[in-house]
Every structure is written in C-alpha cells, then in structure tokens.
Amino acid sequence: MHENFNTPCVVVDLDIAEANITRFQAYCDSHNLKLRPHIKTHKLPDLAQFQLKSGAVGITCQKISETEAMIANGGISDVLITYNIIGEAKTQRLRTLSERVNVSVVADSSAVVRGLGEAFADAEKPLAILVECNTGANRCGVSSPAAALELALEISQRSGLRFAGLMTYPPVGAAEEVQAWLGAAKELIEGHGMAVSIISSGGSPDMWQAHKVAVATEYRIGTYVYNDRSLVARGVCDWNDCALTVIATVVSVPSSNHAVIDAGSKVLTSDLLGLDGHGHVLGRVDLKIDQLSEEHGRLWSDDDIDLSVGDTVRIIPNHACVVANMLDHIELVRGNSRVGSTAVVARGQVW
C-alpha cells in the first residue's frame, strides 16, 4: 500500500499506536501509578483523547503554545507544562490558560518562581507548581533535596502560588538513586508541614521499570505511543510495536552498492541517539542510512543494493518524536487500510 503515498511522508498505524497506549496504561494501572502522557511525540488531539479515555489523568506539554494548540478543540482539561516559563508575555498567557483548564507547571529557581508569582499574585485560583529535581540526568532541576525544600518553601510563601510536589526527568537505569533522592526530598518537605501530593517521574527508555521508583505517584511518557529504533535497540519494544514509519522513494542509484532516497534531515532528522545510521529500513537488514543532507538520504550496502529508481522503502526512524514534528500532515492507516491525512496540530509550537 505504501507505494501509493506521495513521498517522503510519515505514516502512523493507529492500530499499533492504540495498542501501545492500552498496554502501558494497563501496566500503570497494575502498579497504582497514574499516567500523564507527553504529547510532544504525537501532537495530535485525537490521540491525546484516546490516551485520556484509556485512563490517563491528564497530559504533559512542554510549551504554552503547544498546550494552547492541544486544548483548542476541547476535551482536554488537565495539563502539566514541564518547562520553566520565563518572561511576562509567557506568564500572562499562562494566567489566561489557567482560567480555561487545570494547568500546573514546574520551576527550579527563585527567578522562575518570582515571575510566576508576579503573574498570579491576585489569581482567584493559585497556580500549582512542582519543584523540578535533578536526580542525575543533569538537565534542569534543583541540585539537592535540601534545595528542593528551599524552593518549596518559597513557593508556599507566595500569594497566588501553591506547592504541589516534585518532578524529575531521571537518568536511565538509575531507579535506586532516583528513589533515594526523591524520598529524601519528600521527607524533608513533609517535615516542614507541607504535603507532597505529586511526585512525577518519566521517560520511555525505563517505561517497564517505572514501578521501581516507588515514591513516584505519576509517570510521564511520550515516545511509547509510536516507539522507534532507539527503543528497539534498548529492548523496550519490538519492530512490530513501531507505529510510525517514514516512506521514501529511491531517486538515484549511482552505483551498485548505494542509492539515494528523497528523505533527508528535513524528514528523518539528524538525531543519532548513539545509533549507527539514521534509521532502520524494514525488510532490508543489509541497508544502512549512513548519510543525510537536507533533502537526500544515502542508502549503503556492502553487497548489491538491489534497488531501482522509483522503488519505495519503509523506515523506522531513530527518534519518532522529532520526525513527527517535521511535517505539517501525516498519513494515518490501520494495517493495510488507509484512514486519511491529518494535520499535526501542535507542530512547531515552541513558545
């Protein structure tokens, strides 16, 4: 069927995506863990609705504009924005957003808390804030449980703000360390008379180990809806669990062992994630996508390439989240049945 698509294109099999959603929801339910999926992967309100109907408590977004796009059609009422929101223009938009849906945010510094406090000082409903914690991944987050307590106290003392708990994006394979870090912070904060209602952890690579951070109350996860080559390489899923593929056409066969396709970095992205090559060509383990320019991808084989101009290939990308953000529209299928094209509603929303 994929020979009929105008290429390059991104195709999502809804049967696989929905099965992925249902399977991980069941895992969370079995471990009494609330699920708050991150829509950065699919950016589609319809899939978010399916996640919520399957049992998710709300969604996770990264930016205000992304949140606005996702809630525009209604039906989504609970959002956690896991990004430091800085600047009056953004905090005022957040204030407006908070009057439409139940929104909570994160902060990891006094500067962020101060800006939020100024925007919400006279708000009828206080803004819920989770203190972001650096539990070892070394991205954002306060550096110690003591620092988490200090920021929690600052939040609780500001009019218009409410301390709601802790949030982390943890390092892969470090459940014991993350549990100890968050447990210590929780104990410190509760010792000062504050409730730690939410402890939010996440990450697709450790999705089947989420229960090992027992102190966590909810889990944020994005890539699981589609899966990708990076998660197959980690043993998290199989090729048959990958809902998103890229269809590309061979546009040149310059030699017996290499060909060029019409999907370059504008579609497949340059993300390697520690992998060799830029995607897995289904049915052709001998092929390697060893080189990308903006509009060209090079396929290489140690043997005869066995491809002709006009042939199509189907690729599982290294990183599905970025690929889903590259095109305005994607194609939806159910197995061999074509459903139609849909706009990637929250694509390109970076403010």
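**Close-up 1. Strand S8 sits largely enclosed by the rest of this predicted model.** Buried here stands for under 20% relative accessible area. As a reminder for tracing the side chains, those of a regular strand alternate between the two faces of the sheet.

**Close-up 2. Strand S7 pairs with S8.** Here we look at S7, residues 161-168, which runs parallel to S8 and is joined to S8 by 3 bridges.

**Close-up 3. Strand S9 pairs with S8.** S9 covers residues 218-220 and runs parallel to S8, with 3 bridges between the two strands. A handy landmark is Ser-201, whose bridge partner in S9 is Tyr-219.

**Close-up 4. Helices H4 and H5 pack against each other.** Two packed helices are described by the angle between their axes and the distance between the axes. For H4 (residues 88-98) and H5 (residues 110-120), the angle is about 55 degrees and the axes lie 9 Å apart. That angle makes H4 oblique to H5. The crossing of H4 past H5 is right-handed.

**Close-up 5. Residues of H4 and H5 meet where the helices pack.** On the H4 side, look for Thr-91, Gln-92, Leu-94, Arg-95 and Ser-98. They meet Gly-115, Leu-116, Ala-119 and Phe-120 of H5.

Methods
Residues are numbered from 1 along each chain as its sequence is written. This is a predicted model: local features need pLDDT of at least 70, side-chain atom pairs count only at pLDDT 80 or more; totals for chains, interfaces and linings use all residues. Side-chain values use heavy atoms; hydrogens and water are left out. Buried means under 20% relative accessible area, exposed over 50%, partly exposed in between (1.4 Å probe, protein chains only). Helices (H or I, at least four residues) and strands (E, at least two) are DSSP runs, numbered from the N terminus. Two strands pair if DSSP finds at least two bridges between them. Axes are lines fitted to C-alpha atoms, for helices over the stretch in contact, and angles run from 0 to 180 degrees between N-to-C directions. Angles under 35 degrees count as roughly parallel, over 145 as roughly antiparallel, 65 to 115 as roughly perpendicular and the rest as oblique. A crossing is left-handed if the near helix is turned anticlockwise from the far one by less than a right angle, and right-handed if clockwise. Contact means heavy atoms within 4.5 Å.
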